[in-house]
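I wanted to look up a few things and write down what I found.

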Amino acid sequence: MIYLDHHAATPLAPLARRAMADALGAALGNPASPHAAGRAARALVERARAAVGSSLGARAADIVLTGGGTEACELMIRGMPRPSRVVTTELEHPAVREACRGWERAGVEVRWLPAACGKPPSPAQLSEALTPGALVVVQWVNHETGTILPVAAYARACGRAGARLVVDAIQAYGRLPIDVADLGVSALCVASHKVGGPVAGALWVDREVPLEPRLRGGGQERGRRAGSQDPVVAAGFAAAAEALAGRLERMAEVADWRDRLEAELLAAGAVVNGAEAERVPSVVNASVPGWRSDILVAALDLEGVCASPGAACSSGVRAPSPVVRALYPAEEDAWRADSALRLSLGPEGLDALQVDAACAAMRRVLRRRFG
Amino acid sequence: MGAKGRVLVAMSGGVDSSVAAALLVEAGWQVVGVTLHLWDAEGEQKVGRCCAPEDRDDARRTCEHLGVPHYVIDERASFRRDVVEPFLDEYRAGRTPSPCVHCNRTVKLLRLAEIATDLGCSHVATGHYARLLQGDEGEAPVRLLRGRDLAKDQSYFLFGVPPAVLGRMLFPLGDLEKEASRAEARRLGLPNADKPDSQELCFVPDGDVRAFSRRERGPSAPGVVRDAHGEVLGRHEGVEGFTVGQRKGLGVGGGGAPRYVLRIVGSDVVVGSGDELYRHELEAVGVRWLRAPRGAFDGQVRIRYRHEPAPAHIEPRAEGFHVRFEAPQRAITPGQAAVVYVGDEVLGGGFIA
């Protein structure tokens, strides 16, 4: 099996697996308990907090650990003080989109900035939509195409307008260097299962910003997120976060693999989605004329290649990629959203031989049809 | 790879297609399970009906049990275009459509055969109760026969499938009785072995064609219910949903002998006595022959799914064929498929004009 769906979930990195296996074998209680077993569990949770903080250039105390990425997004967006309006983009992950709709249901106006010509909204587009007290929600890296959004420039625009910026950095984590210290954002969230860890999320919040919890109960996470933390997952997250600098160093090699997959798709007549803007090296999103995503993904799976039609969809109902549709809104480009194939990769468990084999499998499949 | 190559099995989530898949796995095929997502059930109709998420889950569970891959492929657009829209057109034109015939021909088998090619599958299998024989070289490369279990036989729905597609088909249940197939499901430990059969029209699970038509197309032209002499007996709010032979729901109650729909003319629903429903002849259009006849011949013709093929003389004509039955048949209904058999073999069929 050749796994090319790292933007959905990376394979567990060996370091993370070892840390989790050790934790499974230890006598651990509830991290909130005051006895030895509780303290041992608490130590693993705090180690994760410290590792994530350090990987983001942040203090451990400003990190909130969550169950996953969606929960981190929800807390980041709905946990903010009530804004004058919400400004976001048409490219966002459903977790962000729906959290913004939550504000809409609460009576706050939401502005959706359009993308076009394969590029994200410009900082000037953003500036026009800003009002003092606005909450701006953007992703740093698009989950489907790898498009990098100009977060630093957005932050300057928000600073000038007196707006607050929060960033979904889930697909940027481990693919781009992140340092929250001078970024000028109020909050930023990441996820463990995009960087070789188990499924888990984390939110960094500027300590000056009051964060309203979305889950109430026990006072875990300093009252910001109630619920018992899983020390085994925390151990894996910690190991993945501690290895993050090393992961970033391997992205040059990943870029080379991505380029080979992209060349193979281009040779089959595909168009690359998002090629007009800067992208992270971990993904290629392409549309092959005549092939619909769900069928191409099935055909590749039968050849041992795990690919994706776009964002992982658990409802089992196919929909054309909303991101590709937003990047290419013209009617004659509608097919691209229907045919979008996402191959995403990373250093975990992948090597050049497997990339060669994936290229050969794509050739075998795409040869079955000519246009 | 299995010794016999790769086969796409169309899986509805029901028992029949599950047994078909299991038998092919046992026989050494490399099975690929595919569930077509054809329709989104609405509101309260979601449970236990074709294309409901539960059925996709059942198909997935069966494939997991068998250790074979399973994919859901979205064909909602082609199902609407090739099956649902023509269905609505037919009813509004006063005919009684055969959506399963259209579906089997277009979305199910033609489209599945294309998908099979895309997935590298040489063959396509379904849980239909029908049989195939490798025919003579040349004019009829493959011959379509009734299923061994005549009570379950589904060959009626398959006459329109192009021979090139039939040539790639496998019907593993063709030689089984329905009960034997259920017994196989239990023997194979299939998770849905005791799931009841679905009978209803998958996209109108409550059977209320009239309400469905109005949801989809809005109100239709009202008209009258009259007898053959023109005497108006009642009014109706649209011809869709009326079918030849129908007795209930005509809104012409009262005493006297029961009245049945004899035919639909424009917006008039013409009713009469039960005796008047019997006719000797029909004309079929939109004809497809699996084996083209050289001239007129004697055979059997089936005028609806639940109808035992009746002896008849069949005369091919330029645009279709003409049928004269030995004995008059009840409720020959425009829009339904008329399928021509000689013995167990399906020669072809068309739609009653």
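**Contacts along chain A.** I started with contacts in chain A whose separation is 6 or more, and found that 70% of them join residues 24 or more positions apart. I kept in mind that this is a predicted model.

**Overall form of chain A.** I looked up the secondary structure next. Chain A has 13 helices and 12 strands. Its radius of gyration is 21 Å, close to the 21 Å that the globule rule gives for 371 residues, so chain A is as compact as a globular protein of that length. I also noted the box filled by its C-alpha atoms: roughly 65 × 50 × 35 Å along the principal axes. Of the 371 residues, 53% count as buried.

**One strand in chain A.** I then picked strand β7 of chain A, residues 187–191. How many of its five residues are buried? I found five of five, so to speak a strand that is mostly covered. I checked which way the residues point. Ala187(A), Cys189(A) and Ala191(A) point one way from β7(A). Leu188(A) and Val190(A) point the other way. Residues on both sides are buried.

Which strands pair with β7(A)? I noted strand β6 of chain A, residues 164–168, which pairs with β7(A) in the parallel sense over three bridges. There, Asp168(A) has Cys189(A) as its bridge partner in β7(A). I also noted strand β8 of chain A, residues 201–205, which pairs with β7(A) in the antiparallel sense over five bridges. Here the bridge partner of Leu188(A) is Trp204(A) in β8(A).

**Where chain B meets chain A.** I moved on to the interface. I found 14 residues of chain B in contact with 11 residues of chain A. On the chain B side, β2 (30–37), α2 (53–66), β3 (70–74) and α4 (99–118) each supply at least two residues. Which of these elements gives the most? I found that β3(B) does, with four residues. By class, I recorded eight nonpolar, three polar and three charged residues on this side of chain B.

**Domains of chain B.** Last, I looked up the domain assignment of chain B. It gives domain 1 (6–187), domain 2 (219–272) and domain 3 (277–352). I noted 27 Å between the C-alpha centres of domain 2 and domain 3 of chain B. Five residues of domain 2 of chain B are in contact with four residues of domain 3 of chain B. The domain 2 side of that contact divides into three nonpolar, two polar and no charged residues.

Terms used:
Residues numbered from 1 in each chain as written. Chains lettered and ligands numbered in written order. Predicted model: local features only at pLDDT ≥ 70, side-chain atom pairs only at ≥ 80, totals over all residues. Rg over C-alpha atoms; globule rule 2.2 N^0.38 Å. Buried ≥ 20, exposed ≤ 12 C-beta atoms within 10 Å, placed from the backbone. Contact = placed C-beta atoms within 7 Å. Pairing = 2+ DSSP bridges. Nonpolar A, V, L, I, M, F, W, Y, C, P; charged D, E, K, R; others polar. Domains from an automatic or database assignment.
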